[in-house]
Amino acid sequence: MARRRAFTLIELLVVIAIIAVLMAILMPALQKARKQAREIICRNHLRQYGVAARLYIDDSDGVMPYSFTWLYKDGGRGCRWHDATKNLQANPSLGGTLWPYLKAADIHLCPDFDVMARTILGDHANCGIPMEPQHGYVMNSYLHGDAWNYVPDPHKLAIRDTKRESQVKNPSGVVFFSEENTWSIPNFNGTGVRLSSVGINDNNLRPVPNGTTDCFGTHHRAPVSKPDMGLSNAVFVDSHVEMVSASNPLGPPGNTFILCWPGGAPIPTW
Ligand SMILES: [Zn+2]
Ligand SMILES: [Zn+2]
């Protein structure tokens, strides 16, 4: 009778080592695939935001929603985006003008932003509201909002009465909804370029060229330890969806501003 052949300890160790090597090779690819899936879900959300805005504009005689009341009817508040007690599906009476067009779908939170916000508490570590992200998208306040107030007089006239879609000079180059950063970016990519000195998400995006206020979120495709180096998803006024950088080395600091300015060329700086 033949003796039953068993694995030796060496053979088992070799098999375990091979599995470990395979895991090390495959894990980054798996993580990348998961990040890409989150990116695609986010782009789909913004596509649906574009459709909702289109329906709203058609029903409103060409007027775009107001950037402070499109999501919550009493306006954007700094920490509401991560306040589970103010969830709009659970509290629809808090919803703003665009909410009737958005309420049916679960499209208000980018899954990548969710991960990022829970990982990098940043400015919200001490605000006292548990970090339970509810929504992460913001409307460009230059379209129909208060952003024109913050523009120096020489440039103000170009945009101060903007509220109709037909007034936007370059609909394919102007962001309608995007993702806002929740932490300040004082030294973008280590270049010294200041993109934003505030980190906030209040549904209302009001960037200026000198970087003293809001900017796009930069969490997509960012290295784990360098959240300033990623990209943001955006839906434009013409309804196309695109990934954008928060800074353009070819232009003035703060591509965020360039992509929000509805007044056409020349793009002002201050
Ligand atoms: Zn996203
Ligand atoms: Zn907070």
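Two strands pair if DSSP finds at least two bridges between them, and strands (E, at least two residues) and helices (H or I, at least four) are DSSP runs numbered from the N terminus. Hi everyone, let me start there.

A quick word on what you see above: this is a predicted model, where local features need pLDDT of at least 70, side-chain atom pairs count only at pLDDT 80 or more, and totals for chains, interfaces and linings use all residues. Residues are numbered from 1 along each chain as written, chains are lettered from A and ligands numbered from 1 in written order, and side-chain values use heavy atoms, leaving out hydrogens and water.

So, the strands. β4 and β5 (residues 241–245) pair in the antiparallel sense over five bridges. Asn233 stands opposite Met243 in β5. The hairpin of β4 and β5 has four residues between the strands, and there Ser239 takes a positive phi near 80°.

Cys42 in helix α1 (residues 9–59) and His220 in the loop between β3 (204–205) and β4 (231–236) are 178 residues apart. Buried means under 20% relative accessible area, exposed over 50%, partly exposed in between (1.4 Å probe, protein chains only). Cys42 is buried at 0%, and His220 is buried at 1%.

Lastly, Lys163 is partly exposed, at 39%. Thanks, all!
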